[in-house]
Amino acid sequence: MTSLVRSPAALARPALSQAAQRRFLVFCGLAALVAALMLANVRIGSVAYPVARLWEALLHPGAADDAGFILWNIRLPRAIAAVLGGAFLATSGLLLQVYFRNPIVGPFILGISSGATVMVSLVMLTTLGLGFAVFSPYLNTIAACLGAYGVTFLVAAIAGRVKNGVTLLIVGLMTGYLCGAVTAILTALAEKERIKGFVLWQLGSFSGFKWVEIEVLVLLGGALLGGIYLMSKPLNAFLLGEDYAASMGVNIRRFRVLILLLASSLAGLVTAMAGPVAFVGLAVPHMARLSFGTSDNRVLIPGACLMGAAVTSLCDLIARMWLSPVELPLSSITAFFGAPVVIALLMKRGMKG
Amino acid sequence: MSGGIVLACEDLCVGYRGAVLSGVGLAVEAGQFVSLLGPNGAGKTTLLRTLSRHLKPVSGRVRVCGRDLQAMRAIDLARVMAVGLTDPARPPLLSVFEFAALGRYPHTGLMGRLAPADVAVVMSALAAVAADHLADRPVDQLSDGERQKAVLARALAQEPKILLLDEPTAHLDLKHRVEVMGILRGLCRSRGLAVLAALHDVDIAAKVSDRVMLVKDGRTVDDGLPEKVLTSAAVAALYGFDAADFSRDLGGIELRGDGSAGRAFVTAGFGSGAAIFRLLAKRGLAIATGVLSEGDLDAYVAQALGAQAFVAPRTGGGDSLSAALAALETCDFLVDAGENGGEANRRILEAALARGLPVLRMGRADDGGQGCASLGDLVAAIDRLRG
């Protein structure tokens with residue numbers, strides 16, 4: 001009865017194909033960039049190898065020369081970890097930005113990474129973890145995810161009461177400080193030999209990844225990413241706010257919990273292994289939105305993954321090579337990218353009123 | 001269009017913790033435009049949010065297309081009901097087309113891919129609200145009026161049977177206000193869409209609605225045909241008017257003069273006085289006028305403005321002329337609207353001239369008084385008269 005009249009003229013949508021073309025080009029460009037950066041990360045290092053030698057080592061993983069060892073045990077895991085970590089953090093940030101309808105949020109700035117850090121510090125600095133396996137990537141991961149959930153749901157509960165976006169930001173920062181304080185106290189109380197590893201981890205770095213950790217990242221993270229991509233449609237409805245999303249048929253209660261769980265799982269997963277990495281989750285979704293020219297999450301989720309992989313790989317390369325042989329903390333490099341983005345966004349928002 | 005009831009509730013009680021509005025009974029038929037009127041805070045939005053299931057009813061049940069609202073699946077509800085909220089949703093980097101296409105949500109598959117038929121529905125929804133030319137514009141760069149059209153287009157793309165709107169004309173200028181209401185009116189007629197809208201403009205509501213529901217002080221005050229329900233007294237009571245009147249016959253609000261600036265007598269008729277009455281009322285003058293024929297537009301305007309109007313009944317009889325002449329005694333000056341036909345008007349004019357009252361006349365003043373070529377001249381003359 002309410003079916004609309006369909007005129008043939010209404011079917012023509014030439015502008016869409018133009019946008020699709022642009023998105024395709026940006027995808028290709030980003031994929032090429034990620035591949036190039038991975039290659040650079042594998043090739044460039046304190047010992048430089050010609051590409052041919054690395055290629056040789058890549059094809060013969062068992063060979064017992066130093067190039068093979070460095071490639072397989074140091075550079076390749078690190079390059080892959082940077083790509084995956086960047087993709088996960090960016091996706092986590094994208095989800096949080098959609099959820100809070102606030103462009104200035106990300107897993108780091110909302111204190112989610114700090115929440116994960118507290119729980120990891122409990123495992124790494126105290127003897128709580130000893131009851132379980134002595135070292136397991138799963139233990140850290142589970143602890144980090146639990147910490148991330150805790151902070152995420154706390155911040156989300158507070159956000160339900162305060163509608164102001166900047167207030168939300170401050171709540172996140174304060175939660176981060178609180179978690180930081182707990183971590184600092186735990187560090188002060190910890191035995192000396194435990195502290196070194198923890199401090200290194202806390203600086204944020206993709207170095208020292210083991211293959212078993214990469215496996216966890218790929219399997220768990222891949223499953224999470226797949227799930228998130230399947231949620232693009234309700235995520236798009238969420239762009240209009242919860243009330244509209246509900247009126248269009250989204251089961252809001254279930255979906256809210258799901259977004260938060262997925263976003264904090266991804267952030268927790270990366271934090272567990274690489275330590276807290278700042279600003280990637282906040283800045284990358286914006287870079288993706290601007291370069292793809294859309295808010296459509298069906299494009300943005302894969303787009304932010306590629307963009308996050310590229311940015312994080314680049315930052316890791318800079319962290320390793322800028323003042324080589326000294327390696328800089330990864331978060332300090334990502335902050336150079338991210339902090340100006342936050343300031344620019346705040347200023348834009350302030351001007352709009 | 002069948003006139004089946006698509007949205008109904010009985011003895012519904014809505015609110016957040018306690019009841020804001022109780023005892024609401026409603027039955028909206030397909031193709032009907034129903035307006036909710038009432039002062040701010042009367043619970044119009046709360047009622048709409050309950051009917052759209054954003055809020056649980058405090059008590060009572062809502063039936064949507066014959067089914068219990070609370071028991072419906074979200075997706076089934078979305079296929080029959082769409083909403084337009086006051087919340088200005090305007091995500092960045094989203095074109096109007098993409099914005100409206102989100103309304104296809106309950107009709108598309110897992111990834112929300114638009115089939116050609118979906119694209120056609122979206123384009124036709126945009127065309128229905130005269131927004132097809134906006135399709136490629138970013139939604140966060142629209143004017144208020146354009147955005148309201150986008151909001152309506154998104155709701156229509158959902159292909160609902162019921163449309164719930166919270167102040168669809170808020171922030172709109174007159175042109176867009178009229179346009180949007182005209183579009184909604186047309187959709188009810190052409191597609192059998194049922195619209196329930198919370199409105200602020202009584203005069204627009206009176207003109208587009210099939211039914212109006214007045215809510216105030218936590219209950220339904222009245223409900224029915226706007227022509228019947230929206231009496232001057234009902235509207236004044238609803239909004240607590242003091243110095244204004246809603247005229248059912250004229251379909252608008254008139255602002256009364258408080259009489260602090262004196263009292264004028266106007267001889268008018270056949271519509272010649274309406275503009276002059278308003279002009280005098282605005283300047284704070286009390287008005288007496290006569291003798292008007294029954295049914296004359298001037299009589300309606302004068303009454304809406306709270307003027308003392310002397311009306312000669314169509315059947316003849318009565319002595320409105322004597323009464324008018326008596327009223328003339330209390331007036332400071334006379335305005336002749338230039339309607340020269342009536343014998344009674346001529347008698348009043350002569351009486352005023354004889355008493356030496358100042359007389360301002362639209363048009364020529366060959367037989368006494370001061371002529372005014374235009375309403376502007378009249379205003380100037382009145383201002384001079386009152387120093």
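Two strands count as paired if DSSP finds at least two bridges between them, and the strands themselves are DSSP runs of E with at least two residues, while helices are runs of H or I with at least four residues, numbered from the N terminus. This is a predicted model, in which local features need pLDDT of at least 70, side-chain atom pairs count only at pLDDT 80 or more, and totals for chains, interfaces and linings use all residues. Residues are numbered from 1 along each chain as its sequence is written, and chains are lettered from A.

Begin with chain B and select its open sheet of 6 strands, which has the order 15-14-13-16-17-18 with parallel pairing. Strand 15 (308–312) and strand 18 (370–372) of chain B stand at the edges with a single partner strand each, so one side of each has no neighbour in the sheet. From one strand to the next, the twist averages 20 degrees (axes are lines fitted to C-alpha atoms, and angles run from 0 to 180 degrees between N-to-C directions).

Next, select strand 13 (residues 263–267) and strand 16 (residues 333–336) of chain B, which pair in the parallel sense over 4 bridges; here Ala264(B) has Phe333(B) in strand 16 as its bridge partner.

Finally, turn to chain A, where you will find 14 helices and 0 strands.

Terms used. Side-chain values use heavy atoms; hydrogens and water are left out.
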